[in-house]
Amino acid sequence: MSVLKKLPPFQNVGASLTAVLPAMPTVMGWTIEQIFFKLGGGNTIANMTGIRVWLGGKKIVEITGSHLDSINKYFKLTGNAAYLPIWFANPKAKGLADYLLGALDTSRGYSGMSIEIDLGAGVAPTLEAYARISAPIPKSADFRDTFRTLIKSAHAPGSAAEHSLAVPLGTSAGAFIRALHFFHAQITQVQVTKDSFYLIEQGLNAVMQFDQNQLARTTQAGLLSADFVLEDTDALAVPTLRQPGNVAGFDVKVTTAAADAITAYSDLLRTFEAV
């Protein structure tokens with residue numbers, strides 16, 4: 001059973017300010033399945049120009065409101081202009097165990113959790129937060145203590161060519177790759193290899209998006225995702241380790257039709273030690 005909990009009020013909510021939720025004591029000790037924001041006044045999803053979630057002093061989510069909304073819609077989550085969720089669990093999973101693989105079990109003794117949101121120049125913005133939480137339950141051995149993270153990286157290929165992108169994939173402690181999301185204007189193809197084995201080979205935009213739309217996705221304009229959990233089974237996420245402490249070699253390449261400014265998000269399951 002899960003319950004809905006209202007989080008403490010944000011501080012410093014105002015136009016062109018960074019709203020801060022400095023502590024979340026009412027949900028610590030529980031498993032957090034999702035956090036969602038209720039927007040009011042002049043606040044909009046696009047007005048949330050930076051969202052950062054911190055756990056024990058480490059950043060586990062960094063994303064803009066518009067990009068989070070597009071990724072949610074790609075995963076076929078219902079869009080609503082007045083609400084914006086961050087899912088740690090997988091709401092499209094086909095069973096409870098898989099649903100909870102990315103959920104954040106705060107009973108592990110983290111020192112605290114906080115949220116920062118950069119607000120644009122909206123008129124009298126308001127902001128509230130809620131969490132869906134449940135009692136902690138053990139996960140499978142491979143995914144013990146993992147939770148979903150969304151980490152941002154910026155890339156600026158300067159010409160029409162194939163480019164290798166250094167996207168964050170965790171540390172030698174290991175991680176599991178759910179997806180790599182690319183917001184772009186000029187990408188025409190994505191290729192991903194693990195130890196020289198193609199996970200995505202000659203992934204032309206139209207080919208990848210046809211494949212994704214056949215399954216459980218709704219592709220979005222300006223977003224191209226290298227998605228490794230199309231079956232909505234997070235247990236199939238790609239491990240970054242060959243064996244404990246032995247990191248596999250990944251090569252993430254994009255082909256662009258011209259110079260581009262790419263914002264990438266690494267959508268990972270990983271432990272606190274791997275952040």
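Trainee: How many cavities of 30 Å³ or more does the count come to?
Mentor: This is a predicted model, in which local features need pLDDT of at least 70, side-chain atom pairs count only at pLDDT 80 or more, and totals for chains, interfaces and linings use all residues. Residues are numbered from 1 along each chain as its sequence is written, and side-chain values use heavy atoms, with hydrogens and water left out. A cavity is a set of points on a 1 Å grid over the protein atoms alone where a 1.4 Å probe fits but cannot get out. By this rule, the number of cavities of 30 Å³ or more is three.

Trainee: Which residues lie closest to the centre of the largest cavity?
Mentor: That cavity holds about 110 Å³ of space, the volume being what probe spheres set on the grid points fill, with points joined across faces, edges and corners. Its lining (residues with an atom within 4 Å of a point) has six nonpolar, two polar and five charged residues. Here Ala, Val, Leu, Ile, Met, Phe, Trp, Tyr, Cys and Pro count as nonpolar, Asp, Glu, Lys and Arg as charged, and the others, Gly among them, as polar. Of the 13 lining residues, the closest to the centre are Phe75, Asn90, Pro91, Arg148 and Arg178.

Trainee: What volume does the largest pocket have?
Mentor: A pocket is an open set with protein on both sides within 12 Å along at least five of seven lines. Among the residues lining the largest pocket are Asp142, Arg144, Phe176, Leu241 and Arg270. By class, the lining has five nonpolar, four polar and three charged residues. The volume is about 160 Å³.

Trainee: How many residues of strand S20 are buried?
Mentor: Strands are DSSP runs (E, at least two residues), numbered from the N terminus, and buried means under 20% relative accessible area with a 1.4 Å probe, protein chains only. Ile262, Ala264, Ser266, Leu268 and Arg270 point one way, Thr263, Tyr265, Asp267 and Leu269 the other, and all are buried. So S20, residues 262–270, is largely enclosed by the rest of the structure, its buried count being nine of nine.

Trainee: In S20, which residue is the bridge partner of Leu180?
Mentor: Two strands pair if DSSP finds at least two bridges between them. Ile151 stands opposite Ser266, and the partner of Leu180 is Ser266.

Trainee: What is the phi of Gln202?
Mentor: Most residues other than glycine have a negative phi. Asp145 is no glycine, yet its phi is positive, about 70°; this residue lies in the loop between S9 and S10. Gln202 sits in strand S14, and its phi is also positive, near 45°.

Trainee: Is Ala156 buried or exposed?
Mentor: Exposed means over 50% relative accessible area, partly exposed in between that and the buried limit. Asp145 is partly exposed at 28%. Ala156, in the loop between S10 and S11, has a relative accessible area of 67%, so Ala156 is exposed.

Definitions and conventions:
Helices (H or I, at least four residues) and strands (E, at least two) are DSSP runs, numbered from the N terminus.
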